[in-house]
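This briefing reviews a single protein chain for readers with a structural background. Please consult the sequence and the model alongside the points below.

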Amino acid sequence: MDEQQLIGRASDLDWIADRLAETADGHGGAVVLYGEPGVGKSALADAAAASAHGFRVIRCAGSVSESQLAFSALHALLWQLRDRIDALPAPQSNALAAALGLRDTTADRFLVAAATVTLLSDLGSEEPVLVIIDDADLIDPCSAECLTFVGRRLGWDRVFLLATAPPAQPTPWSELPHRKVENLHRNQAEALLCARRPTLDHSARHTILDVADGNPLALLYLPAVETVLATAGPIPLDERLRAAFGAVVAALSEPVRAQLLVVAAQDGAEISAVAAVAARLGAGEWALDPEVDTGILILARGRVGFAHRLVLAAVYANATAGQRFAVHRAWSQELSDPADADQRAWHLAAAAQGTDDSVADLLEQTATRAWQRGGPAAAAAALRSAAALTRDLGAGGRRLALAARAEWEAGHLRSARELLLGAADRVGADAAAVSGGLEGMIEFAHGDCVRAAALLGRDARRAADSDPGRMLAVLALRAQWSAGRLDLDDEQAVVAVFATSGPGLTSWLAVVGESWRTGQVCEVPQARAAAATRDGFSEAWLLPPAPYAAVWGLGGRVYAQYRAAVDHCRADGMAAALAFTLSQMATVDILAGRWTQALAAAEEARELAVLTGIDSVTAQCHNSLAWLAALRGDVEATMRLTETSIRIGQTSNAQALSAGAHWHRGVALLLTGQAEQALTMLSPIGHPGSAVYHPTFALLAAPDTAEAAIRVGDREEAMAQISLLNQWEQRSGAGWAAAAHRRSLALLTDGASSERLFRQALECAPRGLDRPIHRARTELLFGEWLRRKRRRNDSRAHFSYAREVFANLGAEPLLRRAEEGLDIASRAPRPRETTTFDDLTAQELRVARLAAVGGTNRDIAAQLFISPRTVGHHLSSVYLKLGINSRKELADADLPD
């Protein structure tokens with residue numbers, strides 16, 4: 001390593017040494033070194049590698065010529081570790097092997113990333129690992145997404161990821177911590193210049209120092225080109241450097257420039273291949289000419305590349321269009337091995353002049369392979385180029401539609417929309433069929449739910465009697481529900497979906513479909529019987545939203561299906577589907593009194609939703625977390641969490657999100673004694689025409705709205721809510737509706753009628769079953785009614801029951817009321833029972849539950865998208881908090897489900 005390159009870098013080297021020491025101690029991480037071109041980022045990366053004594057160093061570098069090849073950088077980074085892939089959990093092993101081209105299977109890109117985390121964590125358990133990604137901004141998007149995913153999950157592993165990139169910009173790398181590499185101070189710059197150019201006179205040295213402004217690359221190369229230095233005016237340094245390199249290249253002999261162009265077209269290629277291509281072009285036998293060996297090229301491990309990307313750009317810019325076409329054709333002839341088919345296709349595309357259907361076909365094959373390996377971004381790039389080379393407008397439009405779908409799956413919304421518009425201009429309605437109804441899906445995820453329902457319904461009709469058509473029809477129903485509109489404009493498409501159920505649409509979906517279509521479940525027993533046959537069903541998106549199932553009293557049944565879907569998503573590493581499913585589970589968990597599990601599900605789903613860019617799931621998770629905060633009396637947290645849900649709901653016309661947020665805000669206010677403010681929040685949910693009206697949430701919020709109205713003396717509003725509950729009880733037969741109807745009516749009446757209604761409400765909600773907090777609230781309200789009637793002895797049992805439930809759940813405001821009731825009834829409140837399980841974080845509880853049923857650290861890591869070492873850290877914390885020492889004790893600890 002050239003020590004002169006590190007002049008003035010003492011603080012940076014100390015920082016690197018500290019990071020390596022921390023990593024060796026088990027506290028890894030990731031950092032991106034950024035700074036302007038030539039500032040010395042790569043030199044620091046090389047210094048890190050040289051000083052990483054006792055570390056396993058693996059590295060790769062971005063390359064313009066391979067930036068469109070799916071997982072090319074990951075391949076370069078992990079190829080030396082390929083013998084370890086079979087030891088990974090099976091789904092991860094299959095995915096990573098597919099991404100690296102070792103197996104001809106389909107890979108999910110998030111599962112590829114999870115596999116990389118496990119692989120590096122395993123390696124770190126043997127020896128500390130330094131991962132270096134130089135020119136990270138040039139690596140292919142699939143590898144970038146994977147490695148930034150890895151970088152966010154290295155906190156407890158002996159793995160440190162160091163990347164270098166230009167100044168911060170919106171890329172996947174911007175999500176990781178950054179450290180800026182500054183220009184050298186004047187005295188440091190002068191020391192470097194004197195070391196490298198000792199013969200410069202005083203005047204020239206100070207001119208260079210002024211122009212270079214502390215940039216090491218400028219200090220080394222600007223002295224060679226006097227015209228660049230003499231140019232007056234405020235010319236940016238990077239332009240001066242480009243000009244300097246261009247002048248250096250132009251001064252070289254023609255054969256040398258030709259050979260450099262061969263390298264520029266395939267940067268980092270094997271020297272033997274470069275020599276062969278140079279010979280094809282008649283550029284002479286490859287040799288390191290003395291005039292080139294001045295820091296322009298780098299030779300390492302039999303490969304040749306440029307010392308800096310600005311040199312590559314200068315070489316390529318110096319060549320004529322004809323010379324570039326010729327060098328790419330020569331490379332396409334050299335890369336004749338089937339393993340090089342993708343690179344060959346890109347070289348042929350670069351050499352094409354005008355349309356070329358044969359090359360377009362090769363690019364589409366490249367896209368297919370990239371997509372299968374979990375690289376939709378690479379697939380989109382290949383399809384976009386294929387479309388540009390396609391002579392027939394229709395065929396080109398089809399490729400644009402496929403490219404739009406690939407960009408969508410890669411998370412590039414803007415590009416997906418642009419490509420879809422281009423496809424529609426060429427092929428019209430066929431763009432929807434080719435893209436799988438993408439326009440409606442984009443609108444549903446990021447636009448207006450009402451418009452999304454119309455688009456999805458339209459495309460479902462076009463694809464009637466097919467599985468894609470049925471899928472789109474169900475999505476149309478979801479969009480319609482989200483918008484709060486159950487009066488579908490066109491029932492025929494929906495009828496077709498559920499009337500012609502394929503293998504994936506069984507009796508359960510047929511029953512649910514009827515309720516979607518008409519708002520009525522044919523027979524509640526029939527629905528429950530159908531649900532019971534759905535064990536193992538994993539297509540969670542086909543099921544109705546959890547709140548919709550809950551109003552029909554089918555929350556427990558649909559929960560079993562969501563649990564099965566979660567298991568399937570974890571096993572197959574489907575992060576987006578897992579986020580969606582967990583967000584639905586959280587709703588049912590809250591209703592069922594499984595608040596610890598609900599918190600864990602909502603937080604995990606929120607993290608995955610942010611990772612995958614699903615705004616609606618992010619909002620739903622915020623609503624669930626706000627609901628828990630409301631029930632626990634934290635008004636401030638409830639208001640803060642619902643801000644996100646309301647914002648997303650308003651921008652997307654998703655009134656389900658807005659209505660849910662207002663409900664939770666109303667609950668928080670009601671339970672903390674602010675009934676008037678609560679009614680202001682709750683009342684609009686059930687009034688058609690309001691900005692937050694939603695039929696499903698109107699039912700769910702009706703008991704709270706009725707109670708708030710009764711507390712403020714608004715009898716008319718109370719009666720409206722009671723009537724709504726009565727109608728729904730008659731329509732659905734749901735036990736919760738019957739209990740809520742009678743409880744609300746009991747609050748509004750008095751005397752013997754009130755007592756009878758309270759007792760009927762309790763009979764409709766047997767102890768220990770669904771919605772324990774609803775049952776406990778009824779017990780509390782009945783106890784308070786009995787106390788007001790001076791029947792203190794009768795009230796004690798009701799207060800006691802309510803107190804126990806509220807204490808177990810942590811519903812603080814309700815607990816205080818129950819304890820106060822017991823105190824007034826001349827029975828001192830018992831000390832609250834606490835459980836050490838409450839001390840566990842949500843992630844610790846997830847890890848503990850999986851470990852308790854026999855999951856190994858690697859199994860648990862694979863399911864939770866973290867590393868095995870992180871699992872071990874969490875288990876250590878669990879043991880400490882619970883006061884146990886082994887997995888056997890953990891299995892006996894009776895953890896909550």
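A residue is called buried under 20% relative accessible area, exposed over 50% and partly exposed in between, using a 1.4 Å probe and protein chains only. By that criterion Leu74 is buried, since its relative accessible area is 0%. The model is predicted: local features need pLDDT of at least 70, side-chain atom pairs count only at pLDDT 80 or more, and totals for chains, interfaces and linings use all residues. Residues are numbered from 1 along each chain as its sequence is written, and side-chain values use heavy atoms, with hydrogens and water left out.

**Overall features and confidence**

- The protein chain contains 46 helices and 8 strands; helices (H or I, at least four residues) and strands (E, at least two) are DSSP runs numbered from the N terminus.
- Of the 897 residues in the protein chain, 55% are buried.
- Among contacts (heavy atoms within 4.5 Å) with a separation of 6 or more, 66% link residues 24 or more positions apart.
- Mean pLDDT, the predictor's confidence in each residue from 0 to 100, is 83 for the protein chain, and 87% of its residues reach 70 or more.
- Residues 487–509 have pLDDT below 50, and this stretch has 43 contacts in the model beyond near neighbours in sequence.
- Residues 515–538 likewise have pLDDT under 50, with 56 contacts in the model beyond four places in sequence.

**Strands and sheet**

- Five strands form an open sheet in the order β2-β3-β4-β1-β5, with parallel pairing; two strands pair if DSSP finds at least two bridges between them.
- β2 (56–61) and β5 (178–180) are at the edges with a single partner strand each, so one side of each lacks a neighbour in the sheet.
- Neighbouring strands of this sheet are turned by 20° against each other on average, direction ignored.
- β2 runs parallel to β3 (residues 129–134), joined to it by 6 bridges, and Arg59 stands opposite Ile132 in β3.
- Helix α1 (residues 10–24) lies across β1 (29–34), β3, β4 (159–165) and β5, at about 150° to β4; axes are lines fitted to C-alpha atoms, for helices over the stretch in contact, and angles run from 0 to 180 degrees between N-to-C directions.
- Strands β7 (residues 297–300) and β8 (residues 303–306) pair in the antiparallel sense over 4 bridges, forming a hairpin with 2 residues between them.

- Helix α31 (residues 595–612) has 18 residues and spans 25 Å from its first C-alpha to its last, close to the expected 26 Å; the expected span is 1.5 Å times one less than the number of residues.
- Buried residues of α31 include Trp595, Ala598, Ala605 and Leu608.
- Gly613 follows α31 with a positive phi near 75°.
- Leu74 belongs to helix α3 (residues 72–78), and its contacts beyond four places in sequence include Trp79, Leu96, Val112 and Cys146.

- Most residues other than glycine have a negative phi.
- Asp135 has a positive phi of about 50°, lies in the loop between β3 and α6 (141–151) and is partly exposed at 22% relative accessible area.
- Arg790, with phi near 65°, lies in the loop between α40 (772–788) and α41 (792–809) and is exposed at 75% relative accessibility.
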